[in-house]
Amino acid sequence: MGRDSSCLARVTTGVAVGAAVGGAVGAVYGTYEAVRYKVPGLMKIRYIGQTTLGSAAVFGLFLGAGSLIHCGKSY
C-alpha cells in the first residue's frame, strides 16, 4: 500500500502543478490573444477563461501522465 499511495500522491501532485503552470500560461496567452484580435467587451473574459482552462487541462494531463509513467520506474 505504501508504494501505491506514494504513486497516487506523485500523480496528483503532477496534475496539480501542471494545472497551475498551464493556467498561468493560458491566462497570459489568452489575454495577449484577446487584445491582439480585439475581442469585444465581455467576450474577452470568456475567451481568456476558455484559454486558461483549456491550457490548464492539457498541461495537467501531460504532467500527470508523465508522473504516472515515471512512477513505474525504479532507480
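**Exercise 1. Find the helix that holds valine 21, then decide how valine 21 counts by accessibility.**

Step 1: In this predicted model, valine 21 sits in helix H1.
Step 2: Its relative accessibility is 41%. Buried needs under 20% and exposed needs over 50%, so valine 21 lands in between and counts as partly exposed.

**Exercise 2. Work out which residues make the nonpolar surface patch, and which element gives the most to the patch.**

Step 1: List the members: Val17, Val21, Val25, Val58, Phe59, Phe62 and Leu63. Together they make a patch of about 590 Å².
Step 2: Sort them by element. H1 and H2 are the elements that give two or more residues.
Step 3: Pick the top contributor. That's H2, with four residues.

**Exercise 3. Track down the disulfide and say which parts of the chain it ties together.**

Step 1: Count first: the structure holds one disulfide.
Step 2: Name the partners. Cysteine 7 pairs with cysteine 71, with 2.2 Å between their sulfur atoms; the cut-off is 2.5 Å, so the pair qualifies.
Step 3: Cysteine 7 is in helix H1 (residues 2-36) and cysteine 71 is in helix H2 (residues 43-71), so the bond links parts 64 residues apart in sequence.
Step 4: Check the surroundings. Cysteine 7 is buried at 18% relative accessible area, and cysteine 71 is buried too, at 10%.

**Exercise 4. Identify the salt bridge and classify both partners by accessibility.**

Step 1: The count comes to one salt bridge.
Step 2: The partners are glutamate 33 and arginine 36, whose closest N and O atoms are 3.8 Å apart. With a cut-off of 4 Å, the contact makes the list.
Step 3: Both residues lie in helix H1, three residues apart, or about one turn of the helix.
Step 4: Now the accessibilities. Glutamate 33, at 6%, counts as buried, whereas arginine 36, at 46%, counts as partly exposed.

**Exercise 5. Take the "transmembrane region" spans from UniProt and check what the chain does there.**

Step 1: The unreviewed UniProt entry puts this feature at residues 7-32 and 52-71.
Step 2: For residues 7-32, the model gives 100% helix and 0% strand, with end C-alpha atoms 37 Å apart.

Notes:
Residues numbered from 1 in each chain as written. Predicted model: local features only at pLDDT ≥ 70, side-chain atom pairs only at ≥ 80, totals over all residues. Heavy atoms only, no water. Buried < 20%, exposed > 50% of the residue type's maximum accessible area, 1.4 Å probe, protein only. Salt bridge = Lys/Arg side-chain N within 4 Å of Asp/Glu carboxyl O. UniProt positions renumbered as here; feature names shortened; annotations may be inferred. Patch = residues over 30% accessible without salt bridge, like charges linked within 9 Å, V, L, I, M, F, W, Y side chains within 5 Å. Areas by Shrake-Rupley, 256 points an atom, 1.4 Å probe, with all protein chains shown as cover.
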